[in-house]
Amino acid sequence: RQGYRPVAKRTSTLFFCVSNLHAVEHMYEWSMRWYIDLFERAIGAAPRESALPKRLRGLIDTFSLMLYRNVCRSLFAKDKL
């Protein structure tokens, strides 16, 4: 269980980054329930690996990509690069 701490650290950091987007535009707010649902979907979508380091990398990469895609889709055109 403690082996998954790097995943917890990364996902909590990303949560607070996403939460601070409301400073850019007040409409950019995502609920904790939405975030947890996205994380649970990432767990199911991440590659199944027997070696813990590979599993951790897969979870982090899968969740980061899913979060990026969902947030990008939600951004207003004026805020996109």
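User: Which residues is Arg55 in contact with, leaving aside its neighbours within four places in sequence?

Analyst: They are Tyr4, Ile43, Ala46, Pro47, Arg48 and Glu49. Contact here stands for heavy atoms within 4.5 Å. Arg55 itself belongs to helix H3, which covers residues 52–74. The model is predicted, with local features requiring pLDDT of at least 70 and side-chain atom pairs pLDDT 80 or more, while totals for chains, interfaces and linings use all residues. Numbering runs from 1 along each chain as its sequence is written, and side-chain values use heavy atoms, without hydrogens or water.

User: Glu49 is on the contact list of Arg55. How do you know that Arg55 has no salt bridge?

Analyst: A salt bridge needs a side-chain nitrogen of Lys or Arg within 4 Å of a carboxyl oxygen of Asp or Glu. For Arg55, the nearest side chain of opposite charge is Glu49, at 8.0 Å. Arg55 is therefore left without a salt bridge, although it is buried.

User: What makes Leu59 count as buried?

Analyst: Its relative accessibility is 5%. Buried means under 20% relative accessible area, exposed over 50%, and partly exposed in between (1.4 Å probe, protein chains only). At 5%, Leu59 therefore takes the buried label. Leu59 is another residue of helix H3. Beyond residues up to four places away in sequence, Leu59 touches Tyr4, Val7, Ile43 and Ala46. Its C-alpha atom is 9.1 Å from that of Phe39, which is 20 residues away along the chain. For the protein as a whole, 28% of the 81 residues count as buried.

User: What makes the aromatic pair of Tyr35 and Phe63 edge-to-face?

Analyst: Rings of Phe, Tyr and Trp (its six-membered ring) pair if their centres lie within 6.5 Å; planes under 30 degrees apart are stacked, those over 60 edge-to-face, and the rest tilted. The search of the whole structure finds eight aromatic pairs. In the pair of Tyr35 and Phe63, the distance is 5.2 Å centre to centre and the planes make 80 degrees. The distance meets the pairing limit and the angle is over 60, so the pair is edge-to-face.

User: Which parts does that pair tie together?

Analyst: Tyr35 is in helix H2 (residues 32–45) and Phe63 in helix H3, so the link joins parts 28 residues apart in sequence. Both partners are buried: Tyr35 has a relative accessible area of 6%, and Phe63 has 1%. Tyr35 and Phe63 also belong to one aromatic cluster, whose members include Phe15, Trp30, Trp34 and Phe76.

User: How do you know that Lys78 forms a salt bridge with Glu25?

Analyst: Their closest N and O atoms are 3.3 Å apart, which is within the cut-off, so the pair is a salt bridge. Lys78 lies in the segment after H3 and Glu25 in the loop between helix H1 (5–19) and H2, so parts 53 residues apart in sequence are tied together. Lys78 is exposed at 59% relative accessible area, whereas Glu25 is buried at 14%.

User: What makes Glu25, Lys78 and Asp79 a network?

Analyst: Salt bridges link the three residues. Besides its bridge to Glu25, Lys78 meets Asp79 at 3.3 Å, N to O. Asp79 is partly exposed, with a relative accessible area of 23%.

User: How many salt bridges does the whole structure have, and where do Arg57 and Asp61 lie?

Analyst: The search finds five. Arg57 and Asp61 form one of them, with 2.8 Å between the closest N and O atoms. Both lie in helix H3, four residues apart, about one turn of the helix. Arg57, at 43% relative accessible area, is partly exposed, and Asp61, at 39%, is partly exposed too.

User: How many helices and strands does the protein have?

Analyst: Three helices and zero strands, in the order α-α-α from the N terminus. Helices (H or I, at least four residues) and strands (E, at least two) are DSSP runs, numbered from the N terminus. The C-alpha trace spans about 45 × 20 × 20 Å along its principal axes.

Methods:
Lys, Arg positive; Asp, Glu negative; His and termini not counted.
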